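This report describes selected features of the structure shown below.

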Amino acid sequence: MSMLELDKVSKVFKSGTFGGSLKPALRQVSFGIDRGEVVSLIGESGSGKSTLGKIVLHLTPASAGKVSFEGQDVTEKKGRELHEYYRHVQGVFQDPFSSYNPLYKADRVFEMVRQEYFGGLQRDAWEAKVETVLETVTLNPADVLNKFPHQLSGGQQQRLLVARALLLDVKLLIADEIISMLDASTRVDVLNMLVSLKRKGLGILFITHDLSLGNYISDKTVILRHGAVVEMGETPKVFGNPQHRYTKSLLTAVPQLHKKWAPFDWSANGSAAPASNGALRPASGAAAPVAEEARETRRYSRSSLSPLHAAKGAKSTPSVGAGAAVAEEAAPGPRPSLMEMEGGRWHRRARRRVTLAEVLAESAPPPLVECEPGHLVAVEE
Amino acid sequence: MSDVDQAATSSAPVAPGAPLTGVRAPGAAPVGGAPLGRKAYSGGRRWEFLYFAVRNKKLVLGLGVEIIFVLAAIIGPYFAPYPPKQFVAPAFLHPSAKHLFGTSYFGQDVFSLLLYSLRNSYLVGFLGAAFAGVIGLGIGFIAGWRGGWLDEILQTFTYIVVMIPSLVLLIVIGAYLKSHSAFFEGVFIGVTTWPWVARAVRAQTFTLRQRDFVDLARLSGKRGPAIVLKDIAPNMASYILLAFILLFGSSMLIAVNYDFLGLGPTSGISLGDMLNLAELWSGLQLHLWWWFIPPGAAMTIMVAALLVANVGLDEVFNPKLRET
Amino acid sequence: MTRYFARKIGLYILAFWAGVTIDWAIPRLMPGNPIEAYLARFSLNSQGSWTALYKLFSKAFGYNLPLWDQYWHYWDNLFHGNLGISIYAFPEKVTTMVAQAAPYTLALLVPAIVLSYVLGNRIGAIAARRKILDNTVLPLGYLFQAMPYAWLALAAAFYLAQLERWFPVQGGSAVGIASGFTWAYIWGLVSHWFLPFLTVFLVSFGGWSIGMRNLVIYELETDYARYLRALGARSRLVRRYAYRNAVLPQLSGLALALGTVIGGNIVTEVVFQYPGLGHLIYIAATDQDYSLLQGIFIFIIAGVLVANFLIDIVYIVIDPRTRLSMQGAVA
Amino acid sequence: MSLSVRNLRIAYRTLRGDVQAVDDVTFSVADGEIMGLAGESGCGKSTLGNSLIYLEGRMRHLGGTVELDGKVLPISDDRAMNRHRMRDVSIIPQYAMSALNPTKKIGVLARDLLKSRGTKLAKVLPEFRRRVALVGLPDSVLEMYPFELSGGMRQRATMVISTLLNPSLLIADEVTSALDVSNQRAVGELLTEFRDRGYVKSMIVITHDLSILAQIADTIMVMYAGKLAEKADAGTIIDRPLHPYTQALLSSLPEVGVRYEEEELTGIPGRPPSLLDPPAGCRFRDRCPFAFDKCAEEPPFVELLPGHQVACWKAAQDVAGSAEREHEEAAR
């Protein structure tokens with residue numbers, strides 16, 4: 001049993017004026033985080049990764065599934081219990097500017113913690129505590145205290161926010177894209193700071209869209225796509241031996257300094273794509289992401305009850321590879337979706353009568369199979 | 001409510017349909033000034049505002065004129081040459097040194113009447129603005145913060161209030177009531193003019209709610225009401241100030257309408273009342289222009305000064321409108 | 001789109017229901033009893049006849065029934081186009097009186113609203129980029145906007161009608177000229193119409209022009225305008241686009257401003273004794289002609305709703321976002 | 001020589017004074033070249049890029065000349081510039097996702113813009129459609145409103161519109177920053193494809209992401225605090241950077257495959273100086289591990305090695321030193 005345990009966590013967003021249409025954002029995501037462990041949650045925009053962070057932080061409710069922390073169910077917590085929960089679980093977000101109320105000085109984020117959790121503490125003791133945490137995040141108190149947020153650099157702002165979390169008896173930190181808005185020159189310092197915290201026993205959920213950052217820092221990696229886990233496991237295994245076509249496509253797209261983009265045929269079977277003539281056709285290169293995006297456009301979204309079906313833009317055969325081959329056998333045949341059953345007129349039905357349970361069942365993710373110890377991959381559709 | 005409304009509130013700096021139609025209310029520049037957020041953080045903002053405030057001609061002019069009128073309303077009656085409602089001189093006197101604005105049909109000194117009337121107009125304006133402000137802020141905050149079905153209900157309610165023209169409603173109510181007080185008038189204006197404030201506040205609360213600092217406050221164990229008051233409302237302070245000014249001006253104007261129709265304070269004296277009497281007692285036909293021109297002119301200047309000050313303030317808060 | 005309209009119409013129905021219910025409830029909630037108030041007009045001396053009449057009228061107006069039944073009857077009558085009988089112009093039907101007055105009001109309001117909106121927007125948009133206009137029209141705009149309708153009406157009536165005698169002071173048509181399709185009659189109508197129209201027009205005009213000016217300035221700063229300029233679009237094109245987008249919030253503003261304009265219109269009609277609904281409702285109020293009062297109230301609310309509906313339709317036509325997002329496509 | 005910028009100085013007016021965002025910048029971009037312009041936020045790279053096409057209200061041209069294909073670009077004259085915009089020089093702005101008028105169909109917007117430039121849409125329509133397909137947008141996109149497209153699609157539509165008239169120079173400002181990796185790659189490849197197909201002759205790609213430039217740029221120019229720090233071809237900048245700033249920047253980049261256990265990277269301590277009142281001498285001095293007394297003097301931006309320009313005393317010393325050694329060795 002891990003410290004934080006996610007058990008089939010799903011989230012369905014209502015959209016439309018009457019909340020008429022339901023959109024699954026997270027589909028039965030399960031994994032765990034231990035003390036002193038960094039788990040990176042990697043996904044592109046719209047994959048639901050930030051939603052997952054918010055669910056763990058109890059900022060948005062899950063539609064189904066269970067989040068437990070140290071064996072206790074988190075989803076139902078409120079009032080005092082939630083107050084206690086935040087003593088151990090904290091978050092830092094993407095946009096440091098937005099994390100500070102521009103009207104107040106930056107250290108108000110400390111002050112709020114003091115008011116709520118350390119009301120009885122003497123001033124001196126509190127100040128000593130603040131100094132200690134600032135030291136931990138390698139900030140000089142004189143540089144950051146009593147200043148307005150805009151007087152601090154992005155790196156300082158983010159570190160200050162981590163320090164705020166450390167004031168509490170924090171055991172788990174949700175770091176949601178915390179360095180994507182920082183300049184390259186300060187990014188690594190914040191990453192290294194997280195590493196040193198992890199070494200002291202902090203569990204960290206590192207949410208990012210940047211594979212290199214996730215790779216650098218994490219012990220485990222979870223790859224999320226359209227709200228479902230496509231691949232997860234120990235970081236060296238996932239990055240060293242990616243199994244899922246999607247993971248591979250992501251990896252080949254990462255720009256690297258010393259290696260040019262390897263040709264990758266997005267439309268066909270990823271792993272076996274031969275670098276036929278080396279001349280990459282950007283048109284086809286562009287096609288795959290477009291298919292992904294098409295989901296958001298009018299035409300496609302109308303026919304996509306679940307992104308699962310929209311994602312079928314590219315016809316694909318299951319990936320080769322030892323693990324996935326096994327997976328293919330285990331995979332159930334494709335189930336007809338509501339949309340397909342209804343033919344062209346699905347949306348009427350979807351708008352009127354589809355229930356949460358139906359959407360959840362409909363959007364159930366493909367099962368995960370173990371392709372090597374400590375490395376799970378989703379059966380490809 | 002509808003996407004139409006949202007498109008409108010989110011895309012432009014205007015709270016459309018402020019009772020003073022089209023006056024630029026405060027708008028998308030909600031959050032502490034610049035809509036683009038980040039840029040607003042550069043520089044010590046409070047001092048910056050003050051710096052621009054004292055240099056803004058419109059603000060200084062508008063505020064200056066308004067202060068003169070407010071002072072006249074407060075201390076004017078102590079210096080008024082004559083008691084307001086009594087016969088102090090023959091009727092129909094032309095303006096002269098003795099009677100600055102002449103005398104009315106009833107031999108009242110129009111200038112004294114005017115000085116006394118300012119108070120009521122300001123009082124009603126203030127009451128109306130205060131009530132509308134409180135209701136609008138309350139409903140806007142609740143709808144924007146809670147969202148969901150409560151939001152739907154409040155929005156529908158807001159919509160209905162918009163649909164019912166308040167003057168017409170007051171005429172109907174007024175017909176049944178024997179007497180009116182300035183207080184009733186102010187409250188009534190307040191309870192019918194809040195919707196546009198509520199809409200704008202709701203839209204802004206909605207936007208601000210999604211800012212990370214709100215999440216951070218929650219993670220610090222703060223509860224909803226505290227977050228709305230300490231984190232969200234202060235970020236709309238400039239907007240709230242501008243909205244209040246607009247409400248103030250529009251309340252005074254609406255009050256003139258009411259008073260003119262004889263629905264104003266029964267006992268009181270107000271600018272609208274002066275117009276009403278002048279109209280009823282053939283001031284027009286008798287060419288007693290000094291009876292009805294001054295009160296309206298005073299009201300026009302009072303409201304215009306507010307509007308000009310409002311524009312000035314807006315320029316102070318929103319760098320985009322500052323003249324370059 | 002269907003869903004959008006269904007929702008809108010639902011709102012209209014709700015608003016209409018609320019309006020009618022308020023209309024029904026006011027006399028029943030107010031202190032005192034409308035019949036007592038009514039009977040007070042007859043200055044009856046004997047207690048006996050008073051009681052008899054009280055009973056009679058209670059029955060006639062249905063006040064003796066349980067509230068629920070009264071409410072039901074009210075709707076029933078409404079659906080049968082029966083708004084009761086006027087007391088002030090007994091035994092004229094309220095509907096007839098409303099029907100007689102309504103054209104005057106519409107002739108005043110519709111052109112005033114439409115023209116002030118169109119011209120105000122145009123001028124405001126030009127003022128946004130011409131310093132000279134910005135320094136002349138705008139201050140005037142603020143002034144007009146700050147004017148109480150009643151006062152502007154009085155001033156106009158005094159100066160243009162009373163002193164200069166360019167226009168008649170009061171009424172809706174020339175006295176002593178038989179109604180009909182004659183030049184004299186039509187000229188009478190127009191000349192009586194002009195000043196009240198001017199009053200309502202000017203006040204609204206100020207508001208629209210100022211609003212538009214600020215909106216266009218805002219639009220000219222947006223990303224799409226920057227992009228157009230960066231690619232060397234003619235300034236005419238940039239302005240045209242900015243104007244087009246600025247019209248949208250102005251239009252939703254129009255819907256919200258209707259109530260205010262109607263209020264102003266009532267006051268204006270009273271000043272000019274223009275025989276429209278505003279004047280009629282004023283007479284009804286001062287004469288305590290309750291059924292007339294309530295009839296007009298319902299009619300005005302219905303008018304506001306219709307106007308809103310029209311504005312909604314225009315909005316859908318000019319804003320593709322509503323048009324398409326309402327199809328449920330863009331969540 | 002396609003673009004040649006000499007001693008360009010651009011100031012940015014702020015409430016607290018003028019910011020010298022581009023300070024005495026001289027460089028050139030050859031025909032067919034994709035030049036990457038890299039640097040941290042606030043280093044002036046966007047201002048530089050924008051100044052070549054459109055000086056916004058708060059930007060001021062203080063001096064220097066810009067020549068494109070041998071003709072001087074009147075960058076400080078907004079009207080005179082119009083003739084060159086879109087035809088000779090064009091831009092995919094940083095805000096490309098919101099650059100399209102929300103209430104106009106994309107085809108209509110293109111038509112109106114082209115009309116401003118004196119061209120009929122019909123003339124370029126077939127080409128327009130071809131390019132729309134090339135960037136992976138559906139043909140119907142011309143009939144669609146921006147809000148019907150996702151951000152990435154809007155950005156691509158902007159790419160196509162901006163390059164419709166085959167400009168000689170295209171400025172691509174942070175076009176990959178807001179994108180996910182797979183879209184980043186697609187857009188990056190589209191940019192090179194645009195060049196390869198001759199839609200644009202040369203290109204300046206502004207970004208803070210050196211690894212993207214490593215993929216698509218021919219040459220890379222690094223800016224620091226309003227000044228040029230280093231320029232050379234992409235391979236040289238990535239593999240053999242001379243400026244300490246470039247070196248530090250590169251060594252702070254985590255790459256896929258690098259894990260903290262194996263190799264702990266380090267960032268650059270400190271912050272860039274304020275451009276309101278920049279310090280004299282080398283602006284990187286305070287953060288530079290190699291700074292020495294000479295650095296109090298401003299280093300010139302000079303060609304130290306063939307095709308490799310650097311503004312750094314230390315680098316100049318090293319290069320001179322190694323040249324001397326080589327010389328000595330040769331002499332021996």
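## A buried histidine in chain D

His84(D) has a relative accessible area of 5% and is therefore buried. The model is a predicted one. His84(D) is placed in the loop that runs between helix H2 (78-82) and strand S6 (89-92) of chain D. Once neighbours within four places in sequence are set aside, the contacts of His84(D) are Leu73(D), Pro74(D) and Val89(D).

Most residues other than glycine have a negative phi. Glu174(D) is not a glycine, yet its phi is positive, near 45°. This residue belongs to the loop between strand S7 (169-173) and helix H6 (181-196) of chain D. With a relative accessibility of 9%, Glu174(D) falls under the 20% limit and so counts as buried.

In chain A, His226(A) also is a residue other than glycine with a positive phi, here about 50°. His226(A) sits in the loop between strand S9 (220-225) and strand S10 of chain A. Its relative accessibility is 9%, so His226(A) is classed as buried.

## Glu234 in strand S10 of chain A

Strand S10 of chain A covers residues 228-234 and contains Glu234(A). The relative accessibility of Glu234(A) is 37%, so this residue counts as partly exposed.

Apart from neighbours within four places in sequence, Glu234(A) is in contact with Asp219(A), Lys220(A) and Gly374(A). A further distance concerns Gly32(A): its C-alpha atom is separated by 12 Å from that of Glu234(A), while the two residues are 202 residues apart along the chain.

## Helix packing in chain A

Two packed helices are described by the angle between their axes and the distance between the axes. In chain A, the axes of helix H7 (residues 154-167) and helix H8 (residues 184-199) come within 10 Å and cross at roughly 15°. Because of this angle, H7(A) is roughly parallel to H8(A). The crossing of H7(A) and H8(A) is right-handed.

On the side of H7(A), the contact is made by Gly155(A), Arg159(A), Val162(A) and Leu166(A); on the side of H8(A), by Asp189(A), Val190(A), Met193(A) and Leu197(A). By class, the residues of this contact between H7(A) and H8(A) comprise 5 nonpolar, 1 polar and 2 charged.

## Aromatic pairs and a cluster

Over all chains, the structure holds 30 aromatic pairs. One of them joins Phe126(B) and Phe244(B): the ring centres are 6.0 Å apart and the planes stand at 75°, so the pair is edge-to-face. Phe126(B) lies in helix H4 (residues 110-146) of chain B and Phe244(B) in helix H11 (residues 237-260) of chain B, so the pair ties together parts that are 118 residues apart in sequence. Phe126(B) has a relative accessible area of 45% and is partly exposed. Phe244(B), at 28% relative accessibility, likewise counts as partly exposed.

Tyr245(D) and Phe284(D) form an edge-to-face aromatic pair, with 5.1 Å from centre to centre and 65° between the planes. Tyr245(D) is in helix H9 (residues 244-251) of chain D, and Phe284(D) is in the loop between H9 and strand S11 (302-305) of chain D, so this pair ties together parts that are 39 residues apart in sequence. Both Tyr245(D) and Phe284(D) are buried. In chain C, one aromatic cluster is formed by Phe16(C), Trp24(C), Trp68(C), Tyr71(C), Trp75(C) and Phe79(C).

Asn308(C) is found in helix H12 (residues 290-318) of chain C. Its relative accessible area is 5%, so Asn308(C) is buried. With neighbours within four places in sequence left aside, Asn308(C) is in contact with Met163(B) of chain B and with Tyr12(C), Ala255(C) and Leu258(C) of chain C.

## Overall make-up of chain B

Chain B has 324 residues, of which 66% are buried. Among the contacts in chain B with a separation of 6 or more, 73% are accounted for by residues 24 or more positions apart.

Technical notes:
Residues are numbered from 1 along each chain as its sequence is written. Chains are lettered from A and ligands numbered from 1 in the order in which they are written. This is a predicted model: local features need pLDDT of at least 70, side-chain atom pairs count only at pLDDT 80 or more; totals for chains, interfaces and linings use all residues. Side-chain values use heavy atoms; hydrogens and water are left out. Axes are lines fitted to C-alpha atoms, for helices over the stretch in contact, and angles run from 0 to 180 degrees between N-to-C directions. Helices (H or I, at least four residues) and strands (E, at least two) are DSSP runs, numbered from the N terminus. Angles under 35 degrees count as roughly parallel, over 145 as roughly antiparallel, 65 to 115 as roughly perpendicular and the rest as oblique. A crossing is left-handed if the near helix is turned anticlockwise from the far one by less than a right angle, and right-handed if clockwise. Contact means heavy atoms within 4.5 Å. Ala, Val, Leu, Ile, Met, Phe, Trp, Tyr, Cys and Pro count as nonpolar, Asp, Glu, Lys and Arg as charged, and the others, Gly among them, as polar. Rings of Phe, Tyr and Trp (its six-membered ring) pair if their centres lie within 6.5 Å; planes under 30 degrees apart count as stacked, over 60 as edge-to-face and the rest as tilted. Buried means under 20% relative accessible area, exposed over 50%, partly exposed in between (1.4 Å probe, protein chains only).
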